[in-house]
Amino acid sequence: MGWVGKKRGRVVEIETLEEFDRRVARGARTMNGWRIQGVDLRERADMLRHLDPHGSLFLGALLDERSQDYLRDHGALLFPAVPDLPFNAYRSGVYSPAELYDGLATSYARTTDARIYAWSRQGNGDLARSLARTLHDHAIDDALSEFVRGRRVVGVMGGHALDRGSAGYAEAARLGRALTRAGMTVATGGGPGAMEAANLGAYLAFQAEDVLDKELLRLGEVPSFVPSVSDWAGVAFEVLDRWPEGSDSLGIPTWHYGHEPPNPFATKIAKYFKNAIREDILLHVCSSGIVFLPGQGGTVQEIFQDACENYYADASSVAPMVLVGRDFWTHEMPAWPLLEALAHNRLMAPSVHLVDDLSDVAAMLTA
């Protein structure tokens, strides 16, 4: 049977077996418009053969052979699961820290994150591997769009080399806390340094005032992921165990920089294979603006990539840009003079700021 001549049903995403069962229990007779992603339907073979599958799409669903034949013969489109991968190419959600760090009790090398990175370093040029990476990143895109929908997302960008225990790390953590308390969802590049600090502050935002200061001291005992990612991540999970109910924040890292581990304080982690896609998505989701803490090449790239979007945006789409550290961004890494010149006489000009006092930042983003 072809697709021509049949009315397309309303698109419905089904990402759990429970949701599939609920729809059938409500009396569904057709799967037209259903998008079934990563669901194990091997125990639902009889149920499937009583539904009209025309116009449905199955992404990595687990099906017995008879069900596959029935679905194909009656107009469904099947994308089979990709075998021999250390990840699900059709995953229905973003990652959690526990998922990426599964295996840490043995060593970081045994974690899901490290095994995926090792896989990504092999077989460049292999079409099957390239397809698997692309399918994965598409699935992450879809899951991320669901998470950010309806949220006021603000980005915090900064250097990965900022050690725990430093004054700059503590300031970034307090910034993450302030932004979260102001009702925003903090998004970072998901790595160590300033990114981890902002996610930490967001996570502990609604604990007692002294909690963040105490945990900063404990984390400072393992200042960097070098030389041991296991020790660095381990002390972070100790903090999470002490405070299991934290506020949501977002990390968007990449296996392109797989030598930098994801920080465990971002409750939602949208990790990509392709860094170019990741960079664009990271800036795109920060609809409520971005704060740029001192950083080097990656942070400078993000400043001007964001500036380019604002430069060509209409008035309704311009998002605030706040550079923190007047001396740093004017003299040490003089991005500010160029940014100021770029913004001159443009709609973005009133939304570009240079500050020293972090206490001003939240107000600039909520004005």
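In what order do the 7 strands of the open sheet stand? The order is E8-E7-E6-E5-E9-E10-E11, and the pairing is parallel. Strands are DSSP runs of E with at least two residues, helices are runs of H or I with at least four, and both are numbered from the N terminus. Two strands pair if DSSP finds at least two bridges between them.

This is a predicted model, where local features need pLDDT of at least 70 and side-chain atom pairs count only at pLDDT 80 or more, while totals for chains, interfaces and linings use all residues. Residues are numbered from 1 along each chain as its sequence is written, and side-chain values use heavy atoms, with hydrogens and water left out.

**Stop 1**

Move to E6 (residues 185–188) and E7 (residues 250–251). They run parallel and are joined by 2 bridges. Pick Ala 187; its bridge partner in E7 is Leu 250.

H14 lies across E10 (321–324) and E11, and runs at about 155° to E11. Such angles run from 0 to 180 degrees between N-to-C directions, with axes fitted to C-alpha atoms, for helices over the stretch in contact. Contact means heavy atoms within 4.5 Å.

**Stop 1: the sheet of 4 strands**

Go to the open sheet E1-E2-E3-E4, where 4 strands pair in parallel. E1 (12–14) and E4 (77–79) stand at its edges with a single partner strand each, so one side of each has no neighbour in the sheet. On average, neighbouring strands here are turned by 15° against each other, direction ignored.

Zoom in on E2 (residues 34–37) and E3 (residues 57–59). They pair in the parallel sense over 3 bridges. Arg 35 stands opposite Leu 57 in E3. Then show H1 (residues 17–25), which packs on the sheet and touches E1 and E2. The direction of H1 makes about 130° with that of E1.

**Stop 2: helix H6**

Select 127–148. H6 has 22 residues and reaches 32 Å from its first C-alpha to its last, close to the 32 Å expected at 1.5 Å a residue. The expected span is 1.5 Å times one less than the number of residues. At the N-terminal end, Asp 126 is the cap: a side-chain oxygen lies 2.9 Å from the backbone nitrogen of Ala 128. After H6 comes Gly 150, with a positive phi near 85°.

**Stop 3: the largest pocket**

H12 gives the largest share, 4 residues.

**Stop 4: two loops**

Select Val 226 and Pro 227. A cis peptide bond joins them, with omega about 15°. Pro 227 sits in the loop between H9 (209–219) and H10 (229–242).

Finish at Asp 84, in the loop between E4 and H4 (97–100). Asp 84 is not a glycine, yet its phi is positive, about 60°.

How values were computed
Polar contact = N/O pair within 3.5 Å; in protein donor to acceptor, adjacent residues only side chain to side chain.
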